[in-house]
Amino acid sequence: MEVCAYEKSSQESSDDIDGSHDGSHDGFRDNYFDVDYCDSEPTDVGSSRQKLLVFRNVERTDNDNGASITQPAEGNPVVDPLLRLTGAASDELVNVPTTEASDSTFRDGSDLHEGKYFNTKKDLKRKLSDIAMKGHFEFRTRKSNRSLWVIECIDPNCSWRLRASKIVPESTKFVIRKYVGVHCCSLLNRNANHRQATYVVIGEQVAPQYVGVEKGPGPKGIQTFARTKLGAQISYYKAWRGRKHAHTLIRGSPEQSFHILPSYFHMLKKLNPGTVTRIEVDGESRFKYLFLAFGVAIRGFRYMRKVVGIDGTFLKGQYRGVLLVATAQDGNGQCYPLAWGIVDSKNEDAWTWFLTQLKEVIGDTDELALISDRAPSIKKAICTVFEKAHHGACAWHVAQNIKNKFKCANIMGSYWSAVNAYRCEDFAGYMIEISHRYPRVAEYLENELPCVHAIAAAHHAQVSVYSLVSPYYTKEYYVLAYGETIYPVGLQSQWDVPNEVATRVVLPREVKERKRGRPKT
């Protein structure tokens with residue numbers, strides 16, 4: 001059913017603006033006239049459908065503000081400036097062709113109607129925001145509380161408006177009580193940079209694109225989505241906030257994750273026997289450290305070479321921190337994740353705590369070798385925790401140190417040839433070449449190169465290299481290392497967690513606000 005636009009009076013009462021009426025007729029009312037409306041079928045082939053309006057109690061005024069009916073010279077009344085009534089007088093039935101009104105009015109293109117229900121007020125607001133963005137118009141809230149929502153077009157001269165309220169006070173369901181879906185506002189008021197394109201609305205629209213994927217669209221991709229799908233122009237910052245809100249809708253907030261962390265670890269240990277978890281908090285129950293090693297990985301490490309690489313990387317989330325990881329290497333040369341940790345920073349205390357937990361998992365023997373970069377904090381922590389294990393520098397990190405410290409990238413070819421050499425004479429030849437060209441680099445490498453060339457030594461001693469092949473490189477050990485399964489924890493609603501675990505408090509760590517702009521140093 002189409003509703004003909006009308007110009008509202010500045011003297012309208014709030015009840016009239018909200019769309020309420022006495023129920024005597026299905027129409028709308030202002031201070032000057034009551035209007036009933038219905039649809040008529042085309043009278044001739046090819047003619048447009050017409051809107052039939054009945055004007056009652058028409059009071060012609062010349063000086064009143066708002067909508068008025070003027071009398072032209074031809075004797076035809078006109079509602080200035082929106083409705084032109086042809087050949088009609090008071091209380092007469094008037095036919096107004098739709099095509100004539102379309103020059104100055106447009107519908108919002110929605111499927112809303114009076115009597116339509118929504119489960120919550122939030123659902124209704126989401127629907128109206130989507131309609132506004134796609135229709136390139138804005139609306140403002142006239143009145144809003146827990147049981148009522150009244151909105152109107154941002155143009156005070158436009159007829160578009162909606163009034164919705166709760167079905168009953170005890171319910172959360174909202175129903176549209178009054179709805180005028182025709183706009184008569186100026187084209188100048190229709191733009192894509194409207195207030196309804198909030199980061200919350202944008203986040204709700206793009207949230208499905210983050211389900212079951214690792215990354216999802218970035219802020220620029222969200223800007224494109226808003227422009228092409230929603231007809232809205234948004235800033236990069238609003239797109240970034242929308243992306244953050246979408247993450248919260250799909251994955252939950254960081255605060256929720258901290259809260260359920262003890263329960264999550266309990267379920268991991270319950271479904272994966274032998275799993276080791278640790279949570280360290282400060283005196284205010286704020287998160288400090290975390291450690292996780294699956295029982296499957298701990299048992300699989302028995303079939304790996306006793307060489308463990310450790311490293312860390314910075315996290316970019318709201319509460320930041322550092323992710324630490326310990327990995328082994330299987331017989332096929334692939335990384336074998338062994339343990340994870342989250343700490344506040346790469347300092348000696350954090351590394352010492354992480355390596356202490358790791359020591360309980362893999363032990364400390366003279367057959368064990370730990371490989372890392374040359375950070376002083378790692379070196380001190382290893383010397384403190386592992387008394388028997390050996391510590392070696394990662395060849396890749398040594399190469400980066402050479403580039404940064406000596407500024408001689410041309411030596412990298414000889415360096416990697418020396419690292420990968422399997423014959424003593426080859427290794428010695430490359431080291432002599434390095435010492436002749438860059439004596440300082442050769443002196444540095446004599447103390448840092450981690451490899452022991454066992455195969456080259458065996459060849460020099462005329463020992464069969466096949467007799468030196470470790471069982472860690474056999475197919476049997478490879479199958480045993482990957483023979484078990486890591487089981488997921490399932491839906492949170494199905495968790496069986498003791499009360500003392502579920503009620504444990506773990507709060508997010510306190511972080512300092514980042515200063516805006518580029519750092520001065």
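A helix, as the term is used here, is a DSSP run of H or I that spans at least four residues, and helices are numbered from the N terminus. The model examined below is predicted.

**Exercise 1.** Determine in which helix S377 is found, and whether S377 is buried or exposed.

*Solution.* Step 1: S377 belongs to helix α10, which covers residues 376-385. Step 2: the relative accessible area of S377 is 15%. Step 3: buried means under 20% relative accessible area, so S377 is buried. Step 4: when neighbours within four places in sequence are left aside, the contacts of S377 are K346, N347, E348 and W351.

**Exercise 2.** Identify the buried residues of helix α4 and name elements that cover them.

*Solution.* Step 1: within α4 (residues 199-206), V201, I202, G203, E204 and V206 are buried. Step 2: their cover includes α3 (121-135), α5 (219-229) and α6 (236-251).

**Exercise 3.** Locate I167 and describe the surface patch to which I167 belongs.

*Solution.* Step 1: I167 lies in the loop between β12 (161-166) and β13 (174-180). Step 2: its relative accessibility is 34%, and I167 therefore counts as partly exposed.

**Exercise 4.** Describe the largest pocket and its lining.

*Solution.* Step 1: the volume of the largest pocket is about 2100 Å³. Step 2: 43 residues line the largest pocket, and P254, K316, G317, Q318 and Y319 are the closest to its centre. Step 3: the elements that give two or more residues to this lining are α6, α7 (254-271), β16 (287-293) and β19 (335-343). Step 4: α7 gives the most, with eight residues.

Technical notes
Residues are numbered from 1 along each chain as its sequence is written. This is a predicted model: local features need pLDDT of at least 70, side-chain atom pairs count only at pLDDT 80 or more; totals for chains, interfaces and linings use all residues. Side-chain values use heavy atoms; hydrogens and water are left out. Buried means under 20% relative accessible area, exposed over 50%, partly exposed in between (1.4 Å probe, protein chains only). Contact means heavy atoms within 4.5 Å. Patches are made of residues with over 30% relative accessible area and no salt bridge: like charges are joined within 9 Å, nonpolar side chains (Val, Leu, Ile, Met, Phe, Trp, Tyr) within 5 Å. Accessible areas come from the Shrake-Rupley method with a 1.4 Å probe; for residues, only the protein chains shown count as cover. A salt bridge is a side-chain nitrogen of Lys or Arg within 4 Å of a carboxyl oxygen of Asp or Glu. On a 1 Å grid over the protein atoms alone, a cavity is a set of points where a 1.4 Å probe fits but cannot get out, and a pocket is an open set with protein on both sides within 12 Å along at least five of seven lines; lining residues have an atom within 4 Å of a point. Grid points are joined across faces, edges and corners, and a volume is the space filled by probe spheres set on the points.
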